[in-house]
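Dear colleague,

I am handing over the structure below, and my notes on it follow.

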Amino acid sequence: MPDLHADLARTRADYEGFKARGLKLDMTRGKPSPEQLSLSDAMLLPQGNRDTTTAAGEDARNYGGALQGLPEVRALFGEALGLPADAIVLGNNSSLALMHDCIVWALLKGVPGGERPWSREASPAFICPVPGYDRHFGLAEEFGFRLLPVPLTGQGPDMDAVEALAADPSVKGMWCVPRYSNPTGETYSDDAVRRLAAMKAGAPDFRLFWDDAYAVHHLTDRRTPLASILDLTREAGHSDRAFCFGSTSKVTLAGAGVALFASSPANVAWFLARAGRRTIGSDKLNQLRHMRFLRDAEGLHAHMGRHRDLIGPKFDAVLAALERRLGGTGLARWSRPEGGYFISVDAVPGTASRVVALAKAAGVALTPAGATWPGGADPEDANLRLAPTFPKLAEVEAAAEGIAICIALAGLEKRGGDAASTS
């Protein structure tokens with residue numbers, strides 16, 4: 001007990017010292033930094049007339065062309081993401097918008113293999129691996145789906161839990177960020193992907209919303225592979241199960257990227273039939289300038305290497321601060337991602353909200369505690385999502401030290417309170 005009191009006193013003094021620095025830092029969301037965006041500034045140069053002609057000889061400034069998107073751009077992204085070019089539909093800058101469309105169309109029209117629109121189902125539900133992406137959860141909540149959390153294991157979701165839930169016919173879908181998951185950074189194992197592809201689902205129109213958002217966002221020289229969900233679902237006799245999504249939002253210009261939907265022939269035909277009622281086509285000039293800028297899959301990977309050079313030291317700074325302050329204390333455990341945009345920290349249960357409040361008081365804004373759970377409610381009040389990409393490196397170093405102090409202080413306070421209540 002004396003050691004606990006001494007540790008708590010030292011950590012409170014450290015916190016007050018950090019607070020006195022008067023910092024104002026934002027670590028709330030995983031946005032590219034201005035330096036990352038500047039890597040794609042060449043895309044903003046005016047295009048000459050010769051640069052508006054597609055590989056098929058069409059004028060990208062005008063109507064016409066394939067609703068599915070420019071074939072050369074589909075081929076580029078298909079090679080980079082391991083998807084067949086003819087399975088891809090290109091959209092505008094937001095993959096989240098394509099997910100929104102798929103949910104709305106499923107609710108209003110149903111999907112291939114279904115008996116009725118999802119809106120006519122009683123209390124439809126989505127499976128949600130946790131901790132997960134708050135915008136996925138918010139989108140499903142917006143349309144009244146019940147959200148069913150299942151834990152992540154470090155190799156993907158707890159598949160026994162997933163299979164048990166999926167057997168219920170009211171469960172219509174599941175959110176997946178299968179590579180460098182938001183926020184844990186884990187990649188689904190081959191076994192997990194295989195089981196997702198082959199499992200029995202109570203709903204014949206069950207869909208995996210497969211958001212491979214960080215497919216090329218490596219933090220090491222290793223390009224982490226991911227088993228092909230389209231191949232595995234086809235082999236298992238569930239060809240229509242996966243709706244795949246991706247985008248260049250964190251590759252080129254976050255506000256002016258290209259998004260994609262990819263799936264089986266039946267699902268692509270379904271998507272295009274719906275999309276054709278609301279648009280003549282997505283932004284072909286933007287697709288073309290991505291093609292001119294990235295050139296091919298290796299050009300894309302080289303570009304992402306330049307991103308890694310900018311953000312890798314920021315991840316290293318956060319991990320080093322956590323290790324210095326919290327290593328060996330039992331006050332937290334954290335991910336060590338090989339890709340993606342986040343570091344996930346599990347603090348002492350019951351303290352995440354306190355950590356966020358302490359950080360805010362010291363001038364560091366964090367993602368709200370609970371944001372990585374459906375409804376914003378982490379039952380353990382333990383998980384924190386750290387987003388180091390946007391601030392400058394010196395700011396990340398300062399913020400990381402302060403966050404580690406806040407985690408330590410909240411944990412020691414909890415230990416002290418628990419010890420007092422049992423003494």
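Buried here means under 20% relative accessible area, exposed over 50%, and partly exposed in between (1.4 Å probe, protein chains only). By that definition Asp 51 is buried, with a relative accessible area of 17%. This is a predicted model, in which local features need pLDDT of at least 70 and side-chain atom pairs count only at pLDDT 80 or more, while totals for chains, interfaces and linings use all residues. Residues are numbered from 1 along each chain as its sequence is written, and side-chain values use heavy atoms, with hydrogens and water left out.

Asp 51 lies in the loop between α2 and α3 (helices, H or I, of at least four residues, and strands, E, of at least two, are DSSP runs numbered from the N terminus). Leaving aside neighbours within four places in sequence, Asp 51 is in contact (heavy atoms within 4.5 Å) with Leu 288 and Arg 292. Gly 65 is found in the loop between α2 (34-38) and α3 (71-81) and is partly exposed, at a relative accessible area of 41%; its C-alpha atom is separated by 9.0 Å from that of Ile 280, 215 residues apart along the chain.

In strand β2 (residues 88-91), Ile 88 and Leu 90 point one way and Val 89 and Gly 91 the other way, and all are buried.

In helix α12 (residues 352-361), the residues Ala 352, Val 355, Val 356, Leu 358 and Ala 359 are buried. They cover an arc (taken from the directions from the helix axis to the C-beta atoms) of only 165 degrees around the axis, which puts them on the same side of α12. Just after α12, Gly 363 takes a positive phi of about 90 degrees.
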